Amino acid sequence: MNSEKLSKRLAAVASFVEQGATIADIGSDHAYLPCFLVKEAKISKAIAGEVVKGPFESAVKNVQKKGLTDAITVRLANGLEAIHECDGVDTVTIAGMGGPLIASILRDGAEKLKSVKRIITQPNIHATSIREWAVQNGWRIVDEQILKEDNKIYEIIVLEKGDVEYGELEMLVGPYLLKQKSDVFFEKWKRELDEWERVLSSLENAGNTLEINEKKEQLRKKIELIGGALIH
Ligand code: SAM
């Protein structure tokens with residue numbers, strides 16, 4: 001992967017960035033995504049934020065190598081602290097991290113989201129944390145995608161401002177993904193279901209403490225929910 005040829009995963013994230021947006025890409029190791037979007041003339045201005053020095057330096061070098069320093073500002077910063085008011089950022093992208101970490105970045109940076117219109121997230125795991133953050137903070141899901149690359153399954157969740165309520169199953173699997181029910185969706189939840197059933201059966205022989213019983217009850221509930229969703 002490089003900024004001319006993105007991975008299938010990052011290309012899918014890029015496809016949700018609107019023409020002419022001003023983006024802040026948070027956790028922008030190598031700044032591949034902003035470089036690609038500027039090169040493609042989809043955007044003309046971006047912030048690349050990175051909290052770790054090594055990846056920050058890679059992003060700086062890559063932006064310099066591509067001759068994009070006028071368009072892309074790289075900042076060493078924690079989460080949304082990379083965004084300054086004068087940047088005019090209207091779109092935030094956060095890709096390639098766990099859902100709970102992405103949700104905590106959004107929670108900690110609430111002030112910086114006031115003028116943001118669209119958030120594009122790509123959690124590697126536990127996408128539900130992002131849906132939970134969204135409904136609790138006045139954001140609604142406007143699109144979702146699920147895809148497979150190198151035998152790994154990724155979800156993308158696109159948010160815009162608005163209040164909406166989702167059912168328990170929609171929160172777990174995603175309202176748009178539930179409607180689409182793609183082959184990758186079935187594969188992901190079949191894998192999860194198999195894993196929960198494996199854990200549940202090992203817990204059946206693990207005694208009867210309150211903690212174990214609660215865990216078993218949670219698993220049975222999720223198995224029932226997902227079992228229903230997997231019926232074509
Ligand atoms: N976004 C790129 C992608 O999807 O290919 C890079 C993903 S990489 C696995 C995650 C990056 O996020 C790392 O470079 C890490 O240092 C950075 N990161 C983690 N927590 C962060 C935070 N709170 N603020 C900014 N960057 C963060």
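Visitor: Second largest pocket: how do its lining residues split by class?
Guide: The lining has 7 nonpolar, 4 polar and 3 charged residues. Nonpolar means Ala, Val, Leu, Ile, Met, Phe, Trp, Tyr, Cys and Pro; charged means Asp, Glu, Lys and Arg; the others, Gly among them, are polar. This is a predicted model, where local features need pLDDT of at least 70 and side-chain atom pairs pLDDT 80 or more, while totals for chains, interfaces and linings use all residues. Residues are numbered from 1 along each chain as its sequence is written, and side-chain values use heavy atoms, with hydrogens and water left out.

Visitor: Which residues lie nearest the centre of that pocket?
Guide: Arg9, Leu10, Gly27, Asp29 and Ala95 do, out of 14 lining residues. The space in this second largest pocket is about 220 Å³. A pocket is an open set of points on a 1 Å grid over the protein atoms alone, with protein on both sides within 12 Å along at least five of seven lines; a cavity is a set where a 1.4 Å probe fits but cannot get out; lining residues have an atom within 4 Å of a point.

Visitor: And which elements supply at least two residues each there?
Guide: Helix 1, helix 2 (32-39) and strand 4. Strand 4 gives the most to that lining, with 3 residues. Helices (H or I, at least four residues) and strands (E, at least two) are DSSP runs.

Visitor: Switching to the ligand. Which residues come nearest?
Guide: Arg9, Gly27, Glu50, Asn78 and Gly79, from 17 residues around the ligand. Arg9 and Gly27 also turned up by the centre of the second largest pocket. The shell counts residues with a heavy atom within 4 Å.

Visitor: How much of the ligand's accessible area does the protein cover?
Guide: 79% of the 590 Å² that the ligand has on its own. That area is Shrake-Rupley with a 1.4 Å probe.

Visitor: What is the shell made of?
Guide: By class, 10 nonpolar, 4 polar and 3 charged residues. Helix 1 (8-15), strand 4 (91-97) and helix 4 (99-108) each put in at least two residues. Strand 4 has the largest share of the shell, 3 residues. Strand 4 also gave the most to the second largest pocket.

Visitor: Now the largest pocket. How much space?
Guide: About 630 Å³. Of its 24 lining residues, His126, Thr128, Leu172, Trp189 and Glu192 are the closest to the centre. Helix 5 (128-136), strand 7, helix 6 (168-173), helix 8 (183-203) and helix 9 (210-229) each give two or more residues to the lining. The largest share, 5 residues, is from helix 8.

Visitor: How many cavities of 30 Å³ or more?
Guide: The search of the whole structure finds 1. The largest cavity holds about 40 Å³ of space. Its lining is Pro123, Asn124, Ile125, His126, Ala127, Ile153, Tyr154, Glu155 and Lys188. His126 is also by the centre of the largest pocket.

Visitor: Which element gives most to that cavity lining?
Guide: Strand 7 (residues 152-161), with 3 residues. The cavity lining divides into 5 nonpolar, 2 polar and 2 charged residues.

Visitor: Last one: how many helices and strands in the chain?
Guide: 9 helices and 7 strands. The C-alpha atoms fill a box of roughly 60 × 35 × 35 Å along the principal axes.

Methods. Points joined across faces, edges and corners; volume = space filled by probe spheres on them.
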